[in-house]
Amino acid sequence: MTSSEPKRPDYKGAPLDPARGPGLGCFWIQAVAFVILFFLTPYGVINSWPAWLTTAMLIVTLLLLLFVGQTVIFLLRLVSADRRSRRRPLRAGARPTVGDLAEAAADAPTDETPSDGTTPPDVSPPDAPPPTSVRQ
């Protein structure tokens, strides 16, 4: 019997666990600090604040950019792992998805000979001229 829960993507050799790693609170603190320093650093340079202070603010801004970017990547992986279990269309009469069509094609019998013993008609597309190039 198979589990209804899909396999989570691997992270460092183990399944990705949503409870591990940075959360939204950590992300928002990093993002707000980054935005504040992003605008405050050039403001300090324009207003001739001490060079050591603006240099330190620039270094902290770059480090926060690194952390915010990595946290965004981690959180996006969690969202994509969570959405794998909800890939069915929400509307009842929705057209089949590409995955549904692929599953149906894989489940269909591969024997192309009809059961009455006749040969199937040739369904190859008619010979068509090649498409014209954009450069012509």
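Modeller: Start with ring pairs: rings of Phe, Tyr and Trp (its six-membered ring) pair if their centres lie within 6.5 Å, with planes under 30 degrees apart counted as stacked, over 60 as edge-to-face and the rest as tilted. Ring pairs join Phe-34, Phe-38 and Phe-39 into a cluster.

Biologist: Ground rules before we go on?

Modeller: The model is predicted, so local features need pLDDT of at least 70 and side-chain atom pairs count only at pLDDT 80 or more, while totals for chains, interfaces and linings use all residues. Residues are numbered from 1 along each chain as its sequence is written, and side-chain values use heavy atoms, with hydrogens and water left out.

Biologist: What is the mean pLDDT of the protein?

Modeller: The mean is 75, and 57% of the residues reach 70 or more. pLDDT is the predictor's confidence in each residue, from 0 to 100.

Biologist: Which elements have the lowest and highest mean pLDDT?

Modeller: Strand 1 (residues 10-11) has the lowest, 68, and helix 1 the highest, 91. Helices (H or I, at least four residues) and strands (E, at least two) are DSSP runs, numbered from the N terminus. Where pLDDT is low, the predicted coordinates should not be read in detail.

Biologist: How far does helix 1 reach?

Modeller: Helix 1 has 23 residues and spans 34 Å from its first C-alpha to its last, close to the expected 33 Å. That expected span is 1.5 Å times one less than the number of residues.

Biologist: Back to the rings. How many aromatic pairs are there?

Modeller: The search of the whole structure finds four. One of them is Phe-34 with Phe-38, a tilted pair at 5.7 Å centre to centre and 40° between the planes. The two are four residues apart in helix 1 (residues 24-46), so about one helical turn separates them.

Biologist: Is Phe-34 buried or exposed?

Modeller: Phe-34 is buried, at 16% relative accessible area. Phe-38 is partly exposed, at 46%. Buried means under 20% relative accessible area, exposed over 50%, partly exposed in between (1.4 Å probe, protein chains only).

Biologist: And Tyr-43, which residue does it pair with?

Modeller: Tyr-43 pairs with Trp-49, edge-to-face, at 5.8 Å centre to centre and 85° between the planes. Tyr-43 is partly exposed at 48%, and Trp-49 is partly exposed at 30%.

Biologist: New topic. Which residues make up the largest nonpolar core?

Modeller: Ten residues: Phe-27, Ala-31, Phe-34, Leu-37, Met-57, Leu-64, Val-68, Phe-74, Leu-75 and Leu-78. A nonpolar core is a set of buried Ala, Val, Leu, Ile, Met, Phe, Trp, Tyr and Cys residues joined through side-chain atoms within 4.5 Å. Helix 2 gives the largest share, six residues.

Biologist: What about Gln-30, buried or exposed?

Modeller: Gln-30 is buried, at 13% relative accessible area. Gln-30 belongs to helix 1. Leaving out residues up to four places away in sequence, Gln-30 touches Leu-64, Phe-67, Val-68 and Thr-71. Contact means heavy atoms within 4.5 Å. Gln-30 and Leu-65 are 35 residues apart in sequence, with C-alpha atoms 8.5 Å apart.

Biologist: Last one. Where is Ser-48?

Modeller: Ser-48 sits in the loop between helix 1 and helix 2. Ser-48 is exposed, at 62% relative accessibility. Its phi is near 60°, a positive value in a residue other than glycine. Most residues other than glycine have a negative phi.
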